[in-house]
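Good morning, and thank you for coming. Please look at the sequence and the structure while I speak.

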Amino acid sequence: MANLSEANGTFSFEKNFYSKHQDLIDEYFKLAKESLIGEYGIYITKNNFDGSFDFDGIGRNSMYNTLSWCLAPASYQRYLADNTYEKVLKRKRTIDNYVESDVVPLEVILGLDEDEIIRVVDNPLNIDNKNLLKLTDLDKMFLKLIRVLVKEDSVINFEYKDFEPGSIFLVSENVTIKPSSKSQIKTSQIFEVVSYDSEDLGYNDNSIIENGFESGYDLHKEDDIKILISDCLEEWYESQDDNFRTNYVLEDIINALRVLSDEDNEYNGQFRSYRFEDEATISELVDDALYTVESIKEG
């Protein structure tokens, strides 16, 4: 199974293109709002009615790897999945005059009239068995959008932040895509990248918190200190043995944790909440903090 990245940002159409096709674009993304995301994909959180849409996304390993198909409705994505190269090789297919081809180019699909169907002939036992697979209304609307994008040679721009803890990255990316000239069912690539720019935002607790992917504590702020004490730290401290509490007051622990957050690039000034999720993780973090303080004192 692929890793899942978490993304948020905005995608936008060119202004002239949007002004000409606003009704189609707005209606499609209104109807497709909950159909663009399955295991991977995007969920539109806001139509800004200027050609741009805010979204949250789940990337297949990364959001970048998901852009080639994420604007298609789930029904069309399933159609592509059902017509992988290996499956297509097992059957003959006919679309209008496009007969007995191993793959069906996207250009052929785009040439279908609104009410046409794809006729899939699957007859491994030489039985007269025809299975009709019809494009949904949402599929047709999506393909109409692709048609006008191709006809007017227009592009879509994505700006987003992408976070994936398994692969250890946090990036800000600016990607421009357009309908792929090489799109075929055997590749399932609907869009191709025109331009790509990526900035490493730094993989540390501070960056992850500041970019909104996780909550945490900044021990330079009194409010965060109070919340941390209330959430878990006071209870943890009271559970320690008498000898520990004789040597350290709670303020000592806070000060040591603050020093650790500043000295260790893994934290870079803040701690993510999960660092304090149970007694064991808190104890490990406090031990590191106290060791760091002693090391600094010893020079």
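At what angle do helix α7 and helix α10 pack, and how far apart are their axes? Before the answer, please note that this is a predicted model, in which local features need pLDDT of at least 70, side-chain atom pairs count only at pLDDT 80 or more, and totals for chains, interfaces and linings use all residues. Residues are numbered from 1 along each chain as its sequence is written, and side-chain values use heavy atoms, with hydrogens and water left out.

Two packed helices are described by the angle between their axes and the distance between the axes. Helix α7 covers residues 222-238 and helix α10 residues 279-297; they pack at about 80°, and their axes are 11 Å apart. Axes here are lines fitted to C-alpha atoms, for helices over the stretch in contact, and angles run from 0 to 180 degrees between N-to-C directions. The two helices are therefore roughly perpendicular to each other, a term for angles of 65 to 115 degrees.

From α7, the contact (heavy atoms within 4.5 Å) involves C232, L233 and W236, and from α10 it involves E279, I282, S283 and V286. Of these residues, five are nonpolar, one is polar and one is charged.

I turn now to two loop residues. F49 lies in the loop between β2 (41-47) and β3 (52-60). Its phi is near 55°, a positive value in a residue other than glycine. D153, in the loop between α5 (137-151) and β8 (156-164), is not a glycine either, yet has a positive phi of about 50°.

Are these residues buried or exposed? F49 is exposed (over 50% relative accessible area), at 56%. D153 also counts as exposed, with 56% relative accessibility.

Terms used. Helix = DSSP H or I, 4+ residues; strand = E, 2+ residues; numbered from the N terminus. Parallel < 35°, antiparallel > 145°, perpendicular 65-115°, else oblique. Nonpolar A, V, L, I, M, F, W, Y, C, P; charged D, E, K, R; others polar. Buried < 20%, exposed > 50% of the residue type's maximum accessible area, 1.4 Å probe, protein only.
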